[in-house]
Amino acid sequence: MGDCETSVPLMEEEENLIAAAQNIVKALGSNRTLTDDARKILADLGTQLSSITRVSETQDEDSGDQTEEQFIELEEQLNLVQTKVMNWEVGQSMIWDCGQEEAYEYLRYVDQARKLIERLEGLNVDKGSREDELLRKAHDLLQTAMNRLEEDFTHLLVQNRQPFEPEHMSFRSSEDDTLDDGSIVSFGDDSVEDVVQRDSMSRSFEEYIIELVHPDVIPDLRCIANLMFDSNYGRECSQAFVNVRKDALDDCLFILEVEKLSIEDVLKMEWNSLNSKIRRWIRAMKIFVRVYLASEKWLSDQIFSELEAVSSVCFAEASKASIVQLLNFGEAIAIGPHQPEKLIRILDMYELLADLIPDIDAMYSDEAGLCVRTECQDILRSLGDCAKATFLEFENAVASSISANPFPGGGIHHLTRYVMNYMKTLIDYSKTLDELLKGYEKEDSAAILPHMTPDREEDNTDRHCYISPLAQHFRSFTSILECNLEDKSRLYKDDSLGQLFLMNNIHYMAEKVKNSNLRTILGDDWIRKHNWKFQHHAMSYERATWSSILSLLRDEGLQNPGSNSISRTLLKERLLSFYLAFEDVYKSQTGWSIPDSQLREDLRISTSLKVIQAYRTFVGRHTNHISDKHIKYTADDLENFLLDLFEGSPRSLHGSHRK
């Protein structure tokens, strides 16, 4: 048996086998018939067996001594660690409040306790043995230390929070609570042009990181986190981080004035209030994701930099409730009624969320963030469906807008203002709307193209040009609006006022298209066609108003019966009838309205040319037959009177016969 073999401690079975062999040798040695050679072999064998037994006994004694020494060493180390750890349990102060040197010494002792446990567990100690008792004592000590480190971890996070001060971010607006109601039902008033203004904040912000916790304590937090995870207390560390950062995120939403609203709360809200909430949500959402969440992710990555998977889970768990709270508001808007006045805001929300989703996907890139990524996509889809349905509902609302009474003064109807400004604002969303309206194109796009004149050869190319879904719907909107205006014009008892009403509104439509990006959608042919239309209505107004009056200034029917001479009596009566008719026009049409100053001036000039010329000619031709006392107004008087028309304030003439 070699030295290597005899140096190995003997197992119980081996010891029994050697004892049996020694008994056999002893028994054989007592046999007197054995030869001398045999006796010598048995003696040598007995000597070897005795040697093996002595080596085994010596090794057992050495092993026992070493084990005892190791136990004493481990016990002394644990007692030293216990003294250092338990000293901190006497007072109530936080370790890091006493200085970084003290704190890092504490961490070293706790790490020693962790390593002692690893050594004891490596000995495979028997249950109930001294070593087992020492192991339990070490575990209890480590748990005490971990509880203290969890408290200090929380304390460092809370006490070193940096205030979130978004003063440099213009997330509030003075318009938030002062917007007028632009309801398609009431059509509001001139302020409707402000109602549909796009939120300029939605595209003007870039991502950047802010320090949510003082940078000096990040290394300390990282050390605590690493030690707790190495000691199998990672769950407690993660939960402490999540709890503190959840509260911080809630505070951020509070600062951004984001309220916790249920879907029922949102659905019951009046539009003015809801409009303000949406505008605030748009600003808050962008700041929250691009600044606060990005900074939160950076903080998590810094603290758990050596634990990448842990960082993602902690960030997702800490922020999930806050981002879902914001998304829930989007869901509430998406499932609400499809009121046209909401469309601009819904499109703002849709485009913002679409713009933020790549950032959100990057921050919640693994399994822990799957629910947030999925929720974002679902809300985006819902907002898109809502925007599409609301857009299509707008067309129905315009078509079904019915008036019981004529619009006062024949001015520009609120429906016209609303529709044209609505379309003008929607131009900013043309790319988004074209995507959402795919599959909802008008069946006969050629039918809604501008009317083509036979002598314009180049117009024929329009029929072969691609017309985007939005352009098709816009052409449809204007056609429906014109039909609606035709119906409203029939409410006027005076055909002249009906024509003036159509002139005003179609002129407004043409000018709005000509002077905005609507021109790129509807085209110059559309503008030319509607310029011709409002001019046609202007001429129709002149005919309806002045044809019968100017007929009084003709010579037909003025002759004396049976002769070609002019009857002074008939001339006097004809002139008096003209004055009365002119005064009636003046009284009524000073109360009519042409809001556009240039159009008003153009119609006055056109009317004046016809009326004053006819009046001067008539009076001049019969100057010898008309006494001055019958000339109530001079041509200059009438010309000045015509300048008072269409101001929207009824007036009366109080002239007298010239002496």
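**Figure 1. Overview of the protein chain.** The accessible surface of the protein chain amounts to about 33700 Å², and 49% of that surface belongs to carbon and sulfur atoms. The model shown here is a predicted one. Its protein chain contains 21 helices and 0 strands, and of its 659 residues, 47% are buried. When contacts between residues at least 6 apart in sequence are considered, 82% of them join residues that are at least 24 apart.

**Figure 2. The largest nonpolar core, with Phe 474 in view.** The largest nonpolar core of the model has 179 residues, and the residues with the most contacts inside this core are Phe 153 and Phe 474. Helix α10, which spans residues 271-303, supplies the largest share of this core, namely 16 residues. Leaving aside residues up to four places away in sequence, Phe 474 touches Phe 391, Met 423, Leu 426, Ile 427, Leu 518, Ile 521 and Leu 522.

**Figure 3. Aromatic pairs, including Phe 229 with Phe 304.** The count of aromatic pairs comes to 24. One of the pairs is formed by Phe 229 and Phe 304, whose arrangement is edge-to-face, with 6.2 Å from centre to centre and 80° between the planes. This pair links distant parts of the chain, since Phe 229 belongs to helix α7 (residues 218-230) and Phe 304 to the loop between α10 and α11 (308-334), the two being 75 residues apart. Phe 304 has a relative accessible area of 0% and is therefore buried. In another pair, the ring centres of Tyr 492 and Phe 501 are 5.5 Å apart and their planes stand at 55°, so this pair counts as tilted. Both Tyr 492 and Phe 501 are buried.

**Figure 4. A cluster of rings, and a lysine over a ring face.** Ring pairs join Trp 546, Phe 578, Tyr 579, Phe 582, Tyr 586, Tyr 615, Tyr 633 and Phe 641 into a cluster. In a separate view, Lys 297 lies over the face of Phe 315, at 5.9 Å from the centre of the ring.

**Figure 5. The surroundings of Arg 245.** Arg 245 is part of helix α8, which covers residues 234-255. Because its relative accessibility is 1%, and buried means under 20%, Arg 245 counts as buried. The side chain of Arg 245 makes a polar contact of 2.8 Å with the side chain of Glu 296. Not counting residues up to four places away in sequence, Arg 245 touches Arg 161, Leu 212, Val 213, Tyr 292, Glu 296, Leu 299 and Ala 318.

**Figure 6. Asp 301 and its contact with Ser 311.** Asp 301 is found in helix α10, and with a relative accessibility of 30% Asp 301 counts as partly exposed. Its side chain makes a polar contact with the side chain of Ser 311, at 2.4 Å. The C-alpha atom of Asp 301 is separated by 7.8 Å from that of Ser 312, a residue 11 places apart from Asp 301 along the chain.

**Figure 7. Gln 377 and the residues it touches.** Gln 377 has its place in helix α13, residues 370-399. At 32% relative accessibility, Gln 377 counts as partly exposed. Apart from residues up to four places away in sequence, Gln 377 touches Ile 357 and Asp 361. Between the C-alpha atoms of Gln 377 and Ala 354, which are 23 residues apart along the chain, the separation is 8.6 Å.

Conventions:
Residues are numbered from 1 along each chain as its sequence is written. This is a predicted model: local features need pLDDT of at least 70, side-chain atom pairs count only at pLDDT 80 or more; totals for chains, interfaces and linings use all residues. Side-chain values use heavy atoms; hydrogens and water are left out. A nonpolar core is a set of buried Ala, Val, Leu, Ile, Met, Phe, Trp, Tyr and Cys residues joined through side-chain atoms within 4.5 Å. Buried means under 20% relative accessible area, exposed over 50%, partly exposed in between (1.4 Å probe, protein chains only). Helices (H or I, at least four residues) and strands (E, at least two) are DSSP runs, numbered from the N terminus. Contact means heavy atoms within 4.5 Å. Accessible areas come from the Shrake-Rupley method with a 1.4 Å probe; for residues, only the protein chains shown count as cover. Rings of Phe, Tyr and Trp (its six-membered ring) pair if their centres lie within 6.5 Å; planes under 30 degrees apart count as stacked, over 60 as edge-to-face and the rest as tilted. A charge sits over a ring if NZ of Lys or CZ of Arg is within 6 Å of the ring centre and within 35 degrees of the ring normal. A polar contact is a pair of N or O atoms within 3.5 Å; within protein, one must be able to donate a hydrogen and the other to accept it, and residues adjacent in sequence count only if both atoms are side-chain atoms.
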